[in-house]
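Good morning, and thank you for coming. I would like to take you through one structure, part by part.

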Amino acid sequence: MTALVTQTDAAARSESRASVEVRLEDLRRQYGSVHALDGLNLTIGAGELVALLGPSGCGKTTALRLVAGLEDADGGRVVIGGRDVTLLPANRRDAGMVFQAYSLFPHMTARQNVAFGLRMRKVASRERLRRAGEMLELVGLAAQSDRYAHQLSGGQQQRVALARALAIRPSVLLLDEPLSALDAKVRSQLRDEIRRVQLEVGTTTLFVTHDQEEALAIADRVGVMRAGRLEQLAPPTTVYTQPATAFVAEFVGLTNRLSGVVRGGAVEVRGVRIPLIAAGGADGPAVALVRPEAVSLSAATDTATGPLLGTVIALAFLGASSRVTVDLGDAVVLVQIPTADAVAYPAGTRVRVALRLDPVLITRDDATVTP
Amino acid sequence: MSSAAEPAGPPFRGRLRVPSWVGVVPFFVYVAAFLILPTAIVVGGAFAGTHGPSLTNISALTQPYILDSFLHSVVLSASSAVIGAVVGAVLAYAVASGAPNGVIRRVVTSACGVLSQFGGVTLAFAFIATLGGAGFITLWLQEHGVNIYANGVWLYQLSGLILVYTYFQIPLMVIVFLPALDGIRPQWREATSNLGGTSWHYWRHIAGPLLLPAFLGCLLLLFANSFSAYATAAALINQGGLIVPLQISNALSSEVGLAQANLASSLALAMVVIVVVVTALYSWLQSRTARWVR
Ligand SMILES: Nc1ncnc2c1ncn2[C@@H]1O[C@H](COP(=O)(O)OP(=O)(O)O)[C@@H](O)[C@H]1O
Ligand SMILES: [Mg+2]
């Protein structure tokens, strides 16, 4: 199932299929007084998969629909493969789209669905059925070719939708939360499957999701959106370890907000000097954003660890790792450690807390950002 | 039976065992009294002669004036159904394209609910008051040099009935066709254009085939609806026997007696046969729609 094609293989193929670059330039779109897109700039490299990540209502779908031509821009340009398509109608844009759910034509079989785009392109009947069969094979559904949508599971329907979008060999593949209507297990399976297929065909892809885990797992680069703008665009690891803003830090993964004081290029939190991700900024009080895995625990008797003492108030088992909630008296910190270590700290245990010296981001606005 | 020592369970289980079919008994009694029994009487009457069973009443159906009334009934039902279905479908489409819980939709659907049941003397009177020989629209048009009755007063003829019937057929169509339109998802139109299709392709390959069975089904429903309507026509038209329901009424109220009552039965039987055929077609089409849209 997860027979991943190697990167070089995919690169070779994508060259033969001539993937193109897709540029969104200063895109604007307003609904009444709502700025759904407020100057969005994003360049997706040829064959690249960019995940647009952000809370509900931040404009992800709008961005996708503008690229597809299903919605008109109030300002800005969409450039696909060097060609300005901003004024082209959807049916001449060459954009393959996978919707959230229920997009298959219910009166057509899987094969007829996949062949539909080729039919619109006047490909001869035999040829389009052959290519539809090929695409269904690519998504692992050759055996279900003659089924109708209602005879397929949700995950299978999305595979057919993917095959249908790719059958026309689009310049850009657009996916709008294609997994959000599925069960957790199917979701992660299909996520890997979509990535495998995308690498194999090499189509430039924009993948919209509000699920950070999904975005980090699937994308070459993740674009974090907030209120119609791009907050950060970077590879998954960078977004996680070096978030550009407090919003990104808090939306991608969990963070602890620990108050401290900025002094001489570092932030002092409870006697620990932690370096800053972004240097600069005046000295003074600030809130440090510390990842749960940058905090460690040891026995209360272990004085060598440091002076910080707390009491465990909850222990959540997450599989290989566990999340421990520790009350420091005036604040609560989340700590993520291997489960094997965590079992030593059941609720009620007094523990010593240490902060790792990974560079952190600080914020001075006290308003909590809730993803 | 459970012993007394057992802890309190669901209090009625095991004690009051009412068979599940008991609940539907009233329904079956109702159906028997008002559907099966009358049908049996109609069938019995249709084949009854003065001296035992006979085909006299059935063959009486072939008399020219009766065939005429069947022709009129079919023309009336078919044209009011077609007009109602087309206009109603367009109206329903306009409603379905709007906001799902918008004011327009709520107003239109409740208005249609009321209007589709509007009929009989009230409806006839409304039309006489507006479009009758002295109706205010008629007079207003006359003042402006338009005489809609230059070739005779058609309101009280077949064409008048067609017009009056569309008045309840259109709203009925809106109500029965809306669910089919609601089953059409906006993604299908968008997917069609992403895949390179135009609006024409969408209607030709997607919306058309998906809506056609439902549309035809609704058309048949409208046909049956006007085919069996009686009160409106009776209130509007004095001349007896233009359409089959009026013909039945004639046969029942004429002074000739028993033989005519049996003619009424055979007329009714012929109507039942036509409605049964239409209903069978209707449910076949419904099952076709149900196969895809669920
Ligand atoms: N058709 C529309 N009419 C009015 N407002 C809309 C419409 N589509 C989107 N919006 C608004 O634009 C904003 C962005 O929406 P959307 O792009 O769907 O967000 P996302 O996909 O990130 O959840 C939201 O505030 C939403 O309410
Ligand atoms: Mg969305």
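Let me begin with a definition: a residue is called exposed when its relative accessible area is over 50%, buried when that value is under 20%, and partly exposed in between. Please keep in mind throughout that this is a predicted model.

With those cut-offs we can turn to A:K122. Its relative accessible area is 71%, so A:K122 is exposed. In chain A, A:K122 sits in the loop that joins helix 3 (110-120) to helix 4 (125-138). The backbone at A:K122 has a positive phi of about 60°, although the residue is not a glycine.

A:D94 is not a glycine, and it has a positive phi of about 65°. Its place is the loop between strand 5 (83-84) and strand 6 (95-98) of chain A. Is A:D94 buried, exposed or partly exposed? Because its relative accessibility is 28%, A:D94 counts as partly exposed.

From loops we move to strands. A:Q232 belongs to strand 10 of chain A, which covers residues 229-234. A:Q232 has a relative accessibility of 10% and therefore counts as buried. Which residues does A:Q232 touch, if we set aside those up to four places away in sequence? Among them are A:V222, A:G223 and A:V224, and also A:T238, A:V239 and A:Q242. With A:Q242 there is a further detail: the side chain of A:Q232 reaches the backbone oxygen of A:Q242 at 3.1 Å.

The next residue, A:D327, is part of strand 17 (residues 321-327) of chain A. A:D327 has a relative accessible area of 28%, so it is partly exposed. A polar atom of the A:D327 side chain lies 2.8 Å from the backbone nitrogen of A:G329. Beyond its neighbours within four places in sequence, A:D327 is in contact with A:G310, A:T311, A:I313 and A:V332. A:L309 is 18 residues away from A:D327 along the chain, and the C-alpha atoms of the two are separated by 8.8 Å.

Now to the ligand. Which residues are around ligand 1? They include A:Y31, A:V34 and A:A36, together with A:P55, A:S56 and A:G57. For A:T61, an N or O atom of the side chain is 2.6 Å from an oxygen atom of ligand 1. For A:K60, a polar side-chain atom lies 2.9 Å from an oxygen atom of the ligand. For A:C58, a polar backbone atom is 3.3 Å from an oxygen atom of ligand 1.

Finally, let us consider how the two chains meet. In chain B, 20 residues are in contact with 25 residues of chain A. Between them the chains bury about 2,100 Å², 62% of it on carbon and sulfur atoms. How many salt bridges are counted between chain B and chain A? The count is one. B:E190 forms a salt bridge with A:R65, and their closest N and O atoms are 2.7 Å apart. On the side of chain B that touches chain A, helix 8 (186-194), helix 9 (199-227) and helix 12 (258-292) each supply at least two residues. Helix 8 of chain B gives the most, with seven residues. By class, this side of chain B has seven nonpolar, nine polar and four charged residues.

Thank you for your attention.

Definitions and conventions:
Residues are numbered from 1 along each chain as its sequence is written. Chains are lettered from A and ligands numbered from 1 in the order in which they are written. This is a predicted model: local features need pLDDT of at least 70, side-chain atom pairs count only at pLDDT 80 or more; totals for chains, interfaces and linings use all residues. Side-chain values use heavy atoms; hydrogens and water are left out. Helices (H or I, at least four residues) and strands (E, at least two) are DSSP runs, numbered from the N terminus. Buried means under 20% relative accessible area, exposed over 50%, partly exposed in between (1.4 Å probe, protein chains only). A polar contact is a pair of N or O atoms within 3.5 Å; within protein, one must be able to donate a hydrogen and the other to accept it, and residues adjacent in sequence count only if both atoms are side-chain atoms. Contact means heavy atoms within 4.5 Å. Buried area is the accessible area (1.4 Å probe) that two parts lose on being put together, summed over both. A salt bridge is a side-chain nitrogen of Lys or Arg within 4 Å of a carboxyl oxygen of Asp or Glu. Ala, Val, Leu, Ile, Met, Phe, Trp, Tyr, Cys and Pro count as nonpolar, Asp, Glu, Lys and Arg as charged, and the others, Gly among them, as polar. A residue is near a molecule or strand if one of its heavy atoms lies within 4 Å of it.
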